[in-house]
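Subject: Structure handover

Hello,

Here is the structure I promised you. Please open it and keep it on screen while you read on.

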Amino acid sequence: MTDLFSKFDPLIQQREDLLATGVTDPYNLVMEKVVSPTVAICNGRETILLGTYNYMGMTFDEDVIAAGKDALDKFGSGTTGSRVLNGTYQGHKECEEALKEFYAMDHAMVFSTGYQANLGIISTIAGKGDYVILDIDSHASIYDGCAMGNAEIVAFRHNDVEALEKRLKRLPPEAGKLVVLEGVYSMLGDIAPLKEMIRVSKEAGAMILVDEAHSMGFIGEHGRGVAEAQGVLDDVDFVIGTFSKSVGTVGGFCVSNHPKFEILRLVCRPYVFTASLPPSVVATAATSIRKLMHGSNKRAHLWENSKLLHKGLRDLGFTLGTEEPQSAIIAVIMPDLEQGAMMWEALLEEGLYVNLARPPATPAGMTLLRCSLCAEHSSEQVGEILGRFERAGKRVGIIG
Ligand SMILES: Cc1ncc(COP(=O)(O)O)c(C=O)c1O
(Lines give C-alpha, C1' and ligand atoms only; values in the text may rest on other atoms or scores of the structure.)
Protein backbone atom coordinates (compact mmCIF):
# COMPACT_ATOMS: atom_id res chain seq x y z
CA MET A 1 0.00 0.00 0.00
CA THR A 2 1.28 3.47 -0.85
CA ASP A 3 0.85 5.74 2.17
CA LEU A 4 -1.01 8.72 0.77
CA PHE A 5 0.41 10.79 3.63
CA SER A 6 4.03 10.41 2.45
CA LYS A 7 3.74 13.64 0.45
CA PHE A 8 3.49 15.51 3.75
CA ASP A 9 6.81 14.14 5.07
CA PRO A 10 8.90 17.27 4.28
CA LEU A 11 6.37 19.45 6.12
CA ILE A 12 6.20 17.03 9.08
CA GLN A 13 10.00 17.11 9.28
CA GLN A 14 10.14 20.92 9.11
CA ARG A 15 7.58 21.17 11.91
CA GLU A 16 9.42 18.62 14.06
CA ASP A 17 12.72 20.46 13.55
CA LEU A 18 11.15 23.72 14.61
CA LEU A 19 9.52 22.27 17.73
CA ALA A 20 12.82 20.50 18.60
CA THR A 21 14.34 23.95 19.18
CA GLY A 22 12.01 24.16 22.20
CA VAL A 23 9.86 26.96 20.75
CA THR A 24 6.11 26.99 21.53
CA ASP A 25 4.00 25.71 18.62
CA PRO A 26 2.87 28.94 16.93
CA TYR A 27 -0.08 27.19 15.26
CA ASN A 28 -1.62 25.66 18.36
CA LEU A 29 -2.45 28.61 20.58
CA VAL A 30 -5.66 28.46 22.60
CA MET A 31 -7.57 31.60 23.58
CA GLU A 32 -8.78 30.51 27.02
CA LYS A 33 -10.99 33.55 27.46
CA VAL A 34 -11.73 36.48 25.17
CA VAL A 35 -12.23 39.63 27.22
CA SER A 36 -12.79 42.17 24.45
CA PRO A 37 -11.89 42.68 20.76
CA THR A 38 -8.34 43.56 21.86
CA VAL A 39 -7.64 41.41 24.94
CA ALA A 40 -7.71 37.65 25.60
CA ILE A 41 -6.31 35.25 28.17
CA CYS A 42 -3.69 32.95 26.63
CA ASN A 43 -1.61 30.50 28.71
CA GLY A 44 -3.20 32.10 31.79
CA ARG A 45 -1.80 35.53 30.83
CA GLU A 46 -3.66 38.66 29.79
CA THR A 47 -2.64 39.21 26.16
CA ILE A 48 -3.16 42.11 23.77
CA LEU A 49 -4.57 40.81 20.49
CA LEU A 50 -2.70 42.17 17.47
CA GLY A 51 -3.27 39.25 15.14
CA THR A 52 -7.01 39.07 14.57
CA TYR A 53 -8.97 40.36 11.57
CA ASN A 54 -11.36 42.12 13.91
CA TYR A 55 -10.46 45.44 12.27
CA MET A 56 -13.54 47.36 13.37
CA GLY A 57 -13.89 45.61 16.73
CA MET A 58 -17.49 44.54 16.10
CA THR A 59 -17.34 41.17 17.91
CA PHE A 60 -18.39 42.66 21.25
CA ASP A 61 -20.68 45.41 19.95
CA GLU A 62 -23.75 45.30 22.17
CA ASP A 63 -26.27 45.72 19.34
CA VAL A 64 -24.58 42.98 17.35
CA ILE A 65 -24.65 40.58 20.30
CA ALA A 66 -28.27 41.43 21.14
CA ALA A 67 -29.32 40.75 17.51
CA GLY A 68 -27.58 37.37 17.59
CA LYS A 69 -29.21 36.35 20.89
CA ASP A 70 -32.63 37.44 19.69
CA ALA A 71 -32.32 35.44 16.44
CA LEU A 72 -31.13 32.39 18.37
CA ASP A 73 -34.24 32.60 20.56
CA LYS A 74 -36.67 33.25 17.70
CA PHE A 75 -35.25 31.13 14.86
CA GLY A 76 -33.20 28.41 16.59
CA SER A 77 -29.59 27.36 16.32
CA GLY A 78 -29.36 26.44 12.64
CA THR A 79 -31.23 26.21 9.35
CA THR A 80 -30.24 22.61 8.56
CA GLY A 81 -30.55 23.28 4.86
CA SER A 82 -29.34 24.88 1.66
CA ARG A 83 -30.23 28.43 0.69
CA VAL A 84 -32.24 27.05 -2.26
CA LEU A 85 -34.33 24.68 -0.13
CA ASN A 86 -35.26 25.33 3.50
CA GLY A 87 -32.21 27.45 4.37
CA THR A 88 -33.31 30.95 3.39
CA TYR A 89 -34.79 32.70 6.42
CA GLN A 90 -35.90 36.28 6.70
CA GLY A 91 -32.49 36.98 8.30
CA HIS A 92 -30.57 35.90 5.18
CA LYS A 93 -32.69 38.26 3.08
CA GLU A 94 -32.14 41.09 5.59
CA CYS A 95 -28.43 40.46 5.48
CA GLU A 96 -28.46 40.69 1.68
CA GLU A 97 -30.50 43.91 1.90
CA ALA A 98 -27.92 45.37 4.29
CA LEU A 99 -25.13 44.47 1.86
CA LYS A 100 -26.95 46.02 -1.11
CA GLU A 101 -27.35 49.24 0.88
CA PHE A 102 -23.79 49.16 2.18
CA TYR A 103 -22.33 48.90 -1.33
CA ALA A 104 -25.17 50.71 -3.14
CA MET A 105 -25.45 47.77 -5.55
CA ASP A 106 -28.40 45.91 -7.06
CA HIS A 107 -27.63 42.35 -5.99
CA ALA A 108 -26.10 40.57 -3.02
CA MET A 109 -25.60 36.89 -2.40
CA VAL A 110 -24.56 35.54 1.00
CA PHE A 111 -22.36 32.43 1.23
CA SER A 112 -21.37 30.38 4.26
CA THR A 113 -17.77 31.70 4.14
CA GLY A 114 -15.67 34.12 2.10
CA TYR A 115 -13.68 31.14 0.88
CA GLN A 116 -16.87 29.69 -0.59
CA ALA A 117 -17.83 33.04 -2.11
CA ASN A 118 -14.60 33.12 -4.15
CA LEU A 119 -14.78 29.42 -4.88
CA GLY A 120 -18.40 29.68 -6.01
CA ILE A 121 -18.39 32.89 -8.01
CA ILE A 122 -15.09 32.32 -9.83
CA SER A 123 -15.75 28.65 -10.66
CA THR A 124 -19.27 29.39 -11.87
CA ILE A 125 -18.60 32.37 -14.11
CA ALA A 126 -15.18 31.33 -15.48
CA GLY A 127 -15.30 27.84 -16.97
CA LYS A 128 -13.37 25.73 -19.43
CA GLY A 129 -12.00 27.88 -22.27
CA ASP A 130 -12.27 31.11 -20.23
CA TYR A 131 -9.29 32.93 -18.74
CA VAL A 132 -8.81 34.13 -15.17
CA ILE A 133 -6.07 36.72 -15.00
CA LEU A 134 -4.90 37.10 -11.43
CA ASP A 135 -2.19 38.60 -9.25
CA ILE A 136 0.34 35.89 -8.39
CA ASP A 137 -0.12 36.63 -4.66
CA SER A 138 -3.87 35.95 -4.76
CA HIS A 139 -5.60 34.23 -1.84
CA ALA A 140 -5.91 30.42 -1.92
CA SER A 141 -9.70 30.66 -2.36
CA ILE A 142 -9.16 32.52 -5.66
CA TYR A 143 -6.78 29.87 -6.99
CA ASP A 144 -9.15 27.12 -5.82
CA GLY A 145 -12.07 28.83 -7.59
CA CYS A 146 -10.06 28.82 -10.84
CA ALA A 147 -9.16 25.15 -10.42
CA MET A 148 -12.74 24.16 -9.68
CA GLY A 149 -14.06 25.99 -12.74
CA ASN A 150 -11.32 24.60 -14.99
CA ALA A 151 -10.51 28.06 -16.32
CA GLU A 152 -7.08 28.86 -17.74
CA ILE A 153 -5.05 30.68 -15.05
CA VAL A 154 -2.88 33.57 -16.21
CA ALA A 155 -0.88 34.98 -13.29
CA PHE A 156 0.96 38.31 -13.34
CA ARG A 157 3.60 39.82 -11.05
CA HIS A 158 2.21 41.24 -7.82
CA ASN A 159 0.62 44.67 -8.24
CA ASP A 160 2.34 45.16 -11.64
CA VAL A 161 -0.01 47.03 -14.00
CA GLU A 162 2.27 46.63 -17.02
CA ALA A 163 2.53 42.88 -16.50
CA LEU A 164 -1.27 42.66 -16.30
CA GLU A 165 -1.65 44.66 -19.49
CA LYS A 166 0.90 42.50 -21.33
CA ARG A 167 -0.83 39.27 -20.28
CA LEU A 168 -4.21 40.62 -21.35
CA LYS A 169 -2.92 41.64 -24.77
CA ARG A 170 -1.65 38.11 -25.44
CA LEU A 171 -5.08 36.51 -24.93
CA PRO A 172 -7.52 35.83 -27.78
CA PRO A 173 -9.73 38.93 -28.12
CA GLU A 174 -12.96 36.89 -28.28
CA ALA A 175 -12.19 34.72 -25.20
CA GLY A 176 -14.07 35.19 -21.91
CA LYS A 177 -11.79 36.96 -19.43
CA LEU A 178 -12.12 37.60 -15.71
CA VAL A 179 -9.51 39.75 -13.98
CA VAL A 180 -9.35 38.95 -10.25
CA LEU A 181 -7.75 41.46 -7.90
CA GLU A 182 -7.66 42.09 -4.16
CA GLY A 183 -8.03 45.51 -2.54
CA VAL A 184 -5.60 44.79 0.30
CA TYR A 185 -3.13 41.91 0.09
CA SER A 186 -3.23 40.34 3.50
CA MET A 187 0.35 39.17 3.88
CA LEU A 188 2.17 42.50 3.51
CA GLY A 189 -0.87 44.74 4.00
CA ASP A 190 -0.23 46.56 0.71
CA ILE A 191 -3.03 47.84 -1.52
CA ALA A 192 -3.53 47.29 -5.25
CA PRO A 193 -3.35 50.07 -7.86
CA LEU A 194 -6.94 49.21 -8.77
CA LYS A 195 -7.58 52.34 -10.80
CA GLU A 196 -4.90 51.57 -13.38
CA MET A 197 -5.54 47.84 -13.29
CA ILE A 198 -9.23 48.28 -13.91
CA ARG A 199 -8.53 50.69 -16.77
CA VAL A 200 -6.30 48.20 -18.63
CA SER A 201 -8.70 45.33 -17.88
CA LYS A 202 -11.66 47.25 -19.29
CA GLU A 203 -9.67 48.14 -22.41
CA ALA A 204 -9.07 44.43 -22.95
CA GLY A 205 -12.78 43.64 -22.58
CA ALA A 206 -12.39 41.70 -19.32
CA MET A 207 -14.87 41.48 -16.46
CA ILE A 208 -13.47 42.45 -13.06
CA LEU A 209 -13.80 40.85 -9.65
CA VAL A 210 -12.26 42.51 -6.59
CA ASP A 211 -11.89 40.72 -3.28
CA GLU A 212 -12.20 43.40 -0.59
CA ALA A 213 -11.90 40.98 2.36
CA HIS A 214 -9.33 43.10 4.23
CA SER A 215 -10.62 46.55 3.33
CA MET A 216 -14.38 46.33 3.86
CA GLY A 217 -15.53 48.48 6.75
CA PHE A 218 -12.26 50.39 6.98
CA ILE A 219 -10.97 51.70 3.64
CA GLY A 220 -12.96 54.20 1.54
CA GLU A 221 -15.29 56.96 2.67
CA HIS A 222 -18.14 54.53 3.36
CA GLY A 223 -15.90 51.58 4.13
CA ARG A 224 -16.64 49.93 0.78
CA GLY A 225 -12.99 49.19 0.17
CA VAL A 226 -10.04 50.14 -1.99
CA ALA A 227 -12.16 50.37 -5.18
CA GLU A 228 -14.24 53.05 -3.45
CA ALA A 229 -11.16 54.86 -2.14
CA GLN A 230 -9.73 54.98 -5.70
CA GLY A 231 -13.05 56.04 -7.24
CA VAL A 232 -13.54 52.93 -9.41
CA LEU A 233 -16.20 50.92 -7.60
CA ASP A 234 -18.68 51.51 -10.44
CA ASP A 235 -16.30 49.75 -12.85
CA VAL A 236 -16.08 46.59 -10.75
CA ASP A 237 -18.40 43.78 -11.87
CA PHE A 238 -18.21 41.69 -8.70
CA VAL A 239 -17.08 42.56 -5.18
CA ILE A 240 -16.29 39.61 -2.93
CA GLY A 241 -16.13 39.99 0.82
CA THR A 242 -16.28 38.17 4.11
CA PHE A 243 -18.03 38.55 7.45
CA SER A 244 -15.00 37.04 9.23
CA LYS A 245 -13.02 40.27 9.35
CA SER A 246 -14.48 43.77 9.89
CA VAL A 247 -18.04 42.43 10.18
CA GLY A 248 -16.91 40.30 13.12
CA THR A 249 -18.66 36.98 12.57
CA VAL A 250 -18.47 34.35 9.81
CA GLY A 251 -19.80 34.19 6.25
CA GLY A 252 -19.03 35.52 2.79
CA PHE A 253 -20.73 37.44 0.02
CA CYS A 254 -20.69 38.77 -3.50
CA VAL A 255 -22.34 42.05 -4.55
CA SER A 256 -22.87 43.09 -8.16
CA ASN A 257 -24.89 45.21 -10.56
CA HIS A 258 -24.88 42.53 -13.27
CA PRO A 259 -28.46 42.23 -14.60
CA LYS A 260 -28.30 38.41 -14.74
CA PHE A 261 -26.67 38.00 -11.32
CA GLU A 262 -29.61 36.23 -9.62
CA ILE A 263 -29.22 33.13 -11.84
CA LEU A 264 -26.10 32.32 -9.84
CA ARG A 265 -28.35 31.17 -6.99
CA LEU A 266 -29.29 28.15 -9.10
CA VAL A 267 -25.96 27.28 -10.69
CA CYS A 268 -23.30 28.09 -8.11
CA ARG A 269 -22.41 24.81 -6.42
CA PRO A 270 -20.74 26.17 -3.24
CA TYR A 271 -23.96 28.16 -2.68
CA VAL A 272 -26.44 25.38 -3.51
CA PHE A 273 -24.76 22.30 -2.03
CA THR A 274 -24.05 23.45 1.51
CA ALA A 275 -26.07 24.51 4.54
CA SER A 276 -26.82 28.19 4.96
CA LEU A 277 -25.51 30.31 7.81
CA PRO A 278 -27.27 30.00 11.21
CA PRO A 279 -29.92 32.67 11.95
CA SER A 280 -27.83 34.16 14.78
CA VAL A 281 -24.90 34.66 12.40
CA VAL A 282 -26.86 36.45 9.69
CA ALA A 283 -28.53 38.61 12.34
CA THR A 284 -25.16 39.65 13.81
CA ALA A 285 -23.78 40.24 10.30
CA ALA A 286 -26.70 42.42 9.18
CA THR A 287 -26.55 44.49 12.38
CA SER A 288 -22.80 44.90 12.10
CA ILE A 289 -22.92 45.88 8.39
CA ARG A 290 -25.55 48.54 9.12
CA LYS A 291 -23.42 49.95 11.95
CA LEU A 292 -20.32 49.96 9.73
CA MET A 293 -22.15 52.31 7.36
CA HIS A 294 -21.79 54.93 10.11
CA GLY A 295 -18.31 53.96 11.25
CA SER A 296 -16.33 56.98 10.05
CA ASN A 297 -15.02 57.84 13.55
CA LYS A 298 -13.82 54.31 14.04
CA ARG A 299 -12.23 54.33 10.59
CA ALA A 300 -10.34 57.53 11.44
CA HIS A 301 -9.10 56.07 14.75
CA LEU A 302 -7.97 52.86 13.03
CA TRP A 303 -5.92 54.92 10.54
CA GLU A 304 -4.32 56.73 13.49
CA ASN A 305 -3.44 53.38 15.09
CA SER A 306 -1.99 52.07 11.85
CA LYS A 307 0.22 55.15 11.38
CA LEU A 308 1.35 55.10 15.02
CA LEU A 309 2.33 51.43 14.96
CA HIS A 310 4.04 51.65 11.56
CA LYS A 311 6.18 54.62 12.57
CA GLY A 312 6.93 53.17 16.01
CA LEU A 313 8.10 49.81 14.65
CA ARG A 314 10.19 51.44 11.96
CA ASP A 315 11.82 53.79 14.51
CA LEU A 316 12.69 50.74 16.62
CA GLY A 317 14.60 49.31 13.64
CA PHE A 318 12.23 46.60 12.40
CA THR A 319 11.95 45.89 8.66
CA LEU A 320 8.35 46.36 7.51
CA GLY A 321 6.41 45.06 4.52
CA THR A 322 5.41 48.52 3.24
CA GLU A 323 7.14 51.91 3.17
CA GLU A 324 4.01 53.62 4.47
CA PRO A 325 1.00 52.20 6.31
CA GLN A 326 -1.53 51.27 3.61
CA SER A 327 -4.10 49.29 5.59
CA ALA A 328 -4.75 47.89 9.08
CA ILE A 329 -2.12 45.19 8.49
CA ILE A 330 1.52 45.91 9.28
CA ALA A 331 3.90 43.08 8.46
CA VAL A 332 7.23 42.80 10.26
CA ILE A 333 9.73 40.86 8.15
CA MET A 334 11.75 38.24 10.05
CA PRO A 335 15.16 36.93 8.95
CA ASP A 336 13.95 33.28 8.86
CA LEU A 337 11.33 30.90 10.25
CA GLU A 338 13.36 29.96 13.33
CA GLN A 339 13.98 33.55 14.42
CA GLY A 340 10.41 34.44 13.47
CA ALA A 341 9.09 31.70 15.75
CA MET A 342 11.42 32.81 18.57
CA MET A 343 10.24 36.40 18.21
CA TRP A 344 6.59 35.27 18.08
CA GLU A 345 7.11 33.35 21.33
CA ALA A 346 8.96 36.23 23.00
CA LEU A 347 6.06 38.54 22.14
CA LEU A 348 3.58 36.05 23.55
CA GLU A 349 5.58 35.92 26.78
CA GLU A 350 5.38 39.72 26.85
CA GLY A 351 1.58 39.39 26.53
CA LEU A 352 1.19 40.24 22.84
CA TYR A 353 -0.34 38.01 20.17
CA VAL A 354 0.57 38.50 16.50
CA ASN A 355 0.25 36.13 13.52
CA LEU A 356 3.30 34.17 12.44
CA ALA A 357 3.01 33.74 8.67
CA ARG A 358 5.32 31.61 6.57
CA PRO A 359 5.59 30.12 3.08
CA PRO A 360 3.63 29.03 1.10
CA ALA A 361 1.09 31.57 2.44
CA THR A 362 3.65 34.39 2.22
CA PRO A 363 5.23 35.89 -0.92
CA ALA A 364 8.92 35.39 -1.82
CA GLY A 365 9.51 32.78 0.91
CA MET A 366 9.23 35.40 3.66
CA THR A 367 8.55 34.77 7.36
CA LEU A 368 6.35 37.53 8.72
CA LEU A 369 4.98 38.67 12.03
CA ARG A 370 1.71 40.09 10.87
CA CYS A 371 0.17 42.75 13.05
CA SER A 372 -3.47 43.60 12.39
CA LEU A 373 -4.84 46.59 14.21
CA CYS A 374 -8.32 47.07 15.55
CA ALA A 375 -10.35 50.26 15.83
CA GLU A 376 -10.86 49.34 19.50
CA HIS A 377 -7.11 49.45 20.29
CA SER A 378 -6.54 52.56 22.35
CA SER A 379 -3.53 54.79 21.63
CA GLU A 380 -2.19 53.65 25.02
CA GLN A 381 -2.42 50.03 23.91
CA VAL A 382 -0.47 50.85 20.74
CA GLY A 383 2.23 52.43 22.96
CA GLU A 384 2.23 49.28 25.12
CA ILE A 385 2.50 47.11 21.97
CA LEU A 386 5.59 49.04 20.85
CA GLY A 387 7.21 48.59 24.29
CA ARG A 388 6.62 44.84 24.06
CA PHE A 389 8.08 44.69 20.54
CA GLU A 390 11.17 46.56 21.74
CA ARG A 391 11.79 44.25 24.68
CA ALA A 392 11.14 41.04 22.69
CA GLY A 393 13.16 42.27 19.68
CA LYS A 394 16.20 43.03 21.86
CA ARG A 395 15.90 39.72 23.73
CA VAL A 396 15.82 37.69 20.51
CA GLY A 397 18.43 39.89 18.80
CA ILE A 398 16.24 41.06 15.90
CA ILE A 399 16.96 44.70 16.79
CA GLY A 400 20.03 46.17 18.52
C1 LIG B 1 -8.37 37.85 0.49
C2 LIG B 1 -9.23 36.84 1.17
N3 LIG B 1 -10.29 36.37 0.53
C4 LIG B 1 -11.10 35.47 1.11
C5 LIG B 1 -10.86 34.98 2.38
C6 LIG B 1 -11.76 33.94 2.97
O7 LIG B 1 -12.57 34.45 3.95
P8 LIG B 1 -13.35 33.53 5.01
O9 LIG B 1 -12.55 33.54 6.26
O10 LIG B 1 -14.67 34.19 5.17
O11 LIG B 1 -13.46 32.17 4.41
C12 LIG B 1 -9.76 35.45 3.08
C13 LIG B 1 -9.50 34.95 4.44
O14 LIG B 1 -8.49 35.00 5.00
C15 LIG B 1 -8.92 36.41 2.47
O16 LIG B 1 -7.84 36.86 3.09
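At what angle do the axes of helix 4 and helix 5 cross? The answer is roughly 35°. Keep in mind throughout that this is a predicted model.

**Helix 4 and helix 5**

Helix 4 covers residues 114–125, and helix 5 covers residues 140–149. Their axes come within 7 Å. The crossing of this pair is right-handed. On the helix 4 side, the contact is made by Y115, N118, L119, I122 and S123. Helix 5 brings S141, I142, D144, G145, C146, M148 and G149. Sorted by class, the residues of this contact are 6 nonpolar, 5 polar and 1 charged.

**The ligand**

Keep Y115 in view. This residue belongs to the contact with helix 5, and Y115 is also one of the residues that come nearest to the ligand. There are 14 residues around the ligand. The nearest are G114, Y115, D211, H214 and T242.

- Y115: a polar backbone atom is 2.8 Å from an oxygen atom of the ligand.
- K245: an N or O atom in the side chain is 2.9 Å from an oxygen atom of the ligand.
- H139: a polar side-chain atom lies 3.5 Å from an oxygen atom of the ligand.

Note which part of each residue is involved. For Y115 it is the backbone. For K245 it is the side chain, and for H139 it is the side chain too.

**Helix 2 and helix 11**

Now go to helix 2 (residues 62–75) and helix 11 (residues 279–292). Their axes come within 7 Å and cross at roughly 150°. Helix 2 and helix 11 are therefore roughly antiparallel. Their crossing is right-handed. Helix 2 makes the contact with D63, V64, A67, G68, A71, L72 and F75. Helix 11 uses P279, S280, A283, T284, T287, S288 and K291. The class count for this contact is 7 nonpolar, 5 polar and 2 charged residues.

**Helix 6 and helix 7**

Helix 6 spans residues 161–170, and helix 7 spans residues 194–203. They pack at an angle of about 10°, and their axes are 9 Å apart. That angle makes helix 6 roughly parallel to helix 7. V161, L164, E165 and L168 of helix 6 meet E196, M197, V200, S201 and E203 of helix 7. By class, this contact has 5 nonpolar, 1 polar and 3 charged residues.

**Backbone exceptions**

Most residues other than glycine have a negative phi, and most peptide bonds are trans.

- N43 is not a glycine, yet its phi is positive, about 50°. N43 sits in the loop between strand 2 (39–42) and strand 3 (45–49).
- N159 is also not a glycine and has a positive phi, near 55°. Look for N159 in the loop between strand 6 (152–156) and helix 6.
- The peptide bond from P359 to P360 is cis, with omega near 5°. P360 lies in the loop between strand 15 (355–357) and strand 16 (367–372).

Best wishes

Methods: Residues are numbered from 1 along each chain as its sequence is written. This is a predicted model: local features need pLDDT of at least 70, side-chain atom pairs count only at pLDDT 80 or more; totals for chains, interfaces and linings use all residues. Side-chain values use heavy atoms; hydrogens and water are left out. Axes are lines fitted to C-alpha atoms, for helices over the stretch in contact, and angles run from 0 to 180 degrees between N-to-C directions. Helices (H or I, at least four residues) and strands (E, at least two) are DSSP runs, numbered from the N terminus. Angles under 35 degrees count as roughly parallel, over 145 as roughly antiparallel, 65 to 115 as roughly perpendicular and the rest as oblique. A crossing is left-handed if the near helix is turned anticlockwise from the far one by less than a right angle, and right-handed if clockwise. Contact means heavy atoms within 4.5 Å. Ala, Val, Leu, Ile, Met, Phe, Trp, Tyr, Cys and Pro count as nonpolar, Asp, Glu, Lys and Arg as charged, and the others, Gly among them, as polar. A residue is near a molecule or strand if one of its heavy atoms lies within 4 Å of it. A polar contact is a pair of N or O atoms within 3.5 Å; within protein, one must be able to donate a hydrogen and the other to accept it, and residues adjacent in sequence count only if both atoms are side-chain atoms.
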